[in-house]
Amino acid sequence: MKNKKKLIAVIVSVVLVLAILASVLIVRAVLNNRPPDLESVRGRFTELLLAAGEVNDILWGKGLATYPRVYEEVFTFKVTTQYDGEEKTMSGIRYLTDDPILSAVVAYRYYIAVSEDSGIVYRDFQNGETILAGKPDSYYRYARRTAEKEGDDYIHHDAEKGLYYYALTDFDPDAVFVYDEKDEPYYDFVRTDSGYLTTEDIKEKAAAVYSPGYLASVYESLFTGIATGQGTLFARYMDHENTEDGTVYLVKYNKDDGYDLTKWVYDFSTMQMVDESNAKFVTLQIERYEQGNEANRVTVTHQFALENGQWYLDSPSF
């Protein structure tokens with residue numbers, strides 16, 4: 001009986017020790033899961049909220065600027081050459097576009113083939129000078145056509161159509177992005193000076209602001225597309241490969257103008273951490289107002305997640 005009492009005492013002692021140890025571990029775990037001090041993350045949270053505006057506009061707002069739809073159409077016109085005074089049929093290219101200025105521009109071949117004793121030579125039909133480099137297949141000049149006579153220095157007058165052609169000496173054809181009939185009609189090419197050349201460039205920008213978990217929930221709709229019972233939700237951005245040279249271009253869906261996002265101004269002095277926050281997930285309350293309308297403030301809640309030692313926005317902020 002005496003030994004049995006000793007055994008019971010030992011068991012009780014062990015149980016008490018384990019209970020105390022468990023309590024210590026639980027307390028330690030709770031303490032270790034405490035949210036960060038607000039001042040230690042204020043700068044990072046401020047940085048994220050300021051940077052989110054640009055990212056939000058790219059992903060859900062008006063989006064990246066694209067080149068307007070411009071096509072080329074070959075046409076012919078007749079001119080009386082200054083070289084020999086004969087009427088010649090010339091070929092040119094005009095731009096098909098809604099832009100009234102660009103639609104008035106034409107590119108025209110300015111040379112004619114002349115048969116001489118030495119063979120075929122090519123001459124500038126405007127001044128008769130021989131083009132020494134031979135047949136200039138890629139040589140174009142540019143002109144602006146108008147129904148109004150604007151002076152006597154026109155290079156051609158189409159009396160039948162009542163059009164005057166005036167030389168353009170400063171026109172840059174490389175500044176015009178020309179679409180091909182084979183290009184996808186629902187996607188426009190993103191401007192190369194936008195700073196984003198591929199979808200990876202956009203993802204890199206977004207990943208500097210939003211958490212991997214949040215981005216994973218929206219990437220499919222943004223960059224892949226989703227089939228629904230009502231039809232297909234097309235990707236907003238895609239990489240388009242030119243089959244001729246393998247060049248990759250960034251394109252944007254043109255049937256969705258995106259949201260008209262509000263330009264928010266945050267009052268960072270009102271930043272407060274909500275009680276449910278912990279060491280890896282912080283819920284923040286902060287006041288903000290529409291730019292130019294400071295009197296009408298609203299209090300919003302944003303979530304932040306700790307990923308690989310760095311904090312990121314973990315919820316939409318638009």
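My entries follow, topic by topic.

**Ground rules.** I am working with a predicted model, where local features need pLDDT of at least 70, side-chain atom pairs count only at pLDDT 80 or more, and totals for chains, interfaces and linings use all residues. Residues are numbered from 1 along each chain as its sequence is written, and side-chain values use heavy atoms, with hydrogens and water left out.

**Overview.** I found four helices and 17 strands in the protein. Helices (H or I, at least four residues) and strands (E, at least two) are DSSP runs, numbered from the N terminus. Of the 318 residues, 34% are buried; buried means under 20% relative accessible area, exposed over 50%, and partly exposed in between, with a 1.4 Å probe and protein chains only. I also looked at contacts (heavy atoms within 4.5 Å). Among those between residues at least 6 apart in sequence, 55% join residues at least 24 apart.

**Aromatic rings.** My search of the whole structure gave 24 aromatic pairs. Rings of Phe, Tyr and Trp (its six-membered ring) pair if their centres lie within 6.5 Å; planes under 30 degrees apart count as stacked, over 60 as edge-to-face and the rest as tilted. Phe 45 and Phe 304 are a stacked pair, 3.9 Å centre to centre with 15° between the planes. This pair links distant parts of the chain, with Phe 45 in helix α2 (residues 38-59) and Phe 304 in strand β16 (residues 297-307), 259 residues apart. I noted both Phe 45 and Phe 304 as buried.

Phe 45 also pairs edge-to-face with Trp 311, at 5.7 Å centre to centre and 90° between the planes. Trp 311 lies in strand β17 (residues 310-313) and Phe 45 in helix α2, so this pair ties together parts that are 266 residues apart in sequence. Trp 311 is buried, as is Phe 45.

Elsewhere I looked up a cluster that ring pairs build from Tyr 67, Tyr 71, Phe 177, Tyr 179, Phe 189 and Tyr 249.

**Charges over rings.** I count a charge as sitting over a ring if NZ of Lys or CZ of Arg is within 6 Å of the ring centre and within 35 degrees of the ring normal. Arg 44 has its charged end over the ring of Tyr 312, 5.2 Å from the centre. Arg 141 does likewise over Tyr 110, at 3.8 Å from the ring centre.

**Helix packing.** Axes here are lines fitted to C-alpha atoms, for helices over the stretch in contact, and angles run from 0 to 180 degrees between N-to-C directions. The axes of α2 and α3 come within 10 Å and cross at roughly 145°. On the α2 side, Glu 54, Val 55, Ile 58 and Leu 59 make the contact; on the α3 side, Ile 202, Lys 205 and Ala 206 do.

Next I took α3 (residues 199-207) with α4 (residues 212-224), whose axes come within 12 Å and cross at roughly 155°. The contact involves Thr 199, Ile 202, Lys 203, Ala 206 and Ala 207 of α3, and Leu 215, Tyr 219 and Phe 223 of α4.

**Two glycines.** Gly 213 is in helix α4 and is partly exposed, with a relative accessible area of 47%. Its C-alpha is 8.9 Å from that of Ala 305, though Gly 213 and Ala 305 are 92 residues apart in sequence. I placed Gly 151 in the loop between β6 (141-146) and β7 (156-158). Gly 151 is partly exposed too, at 25% relative accessible area.
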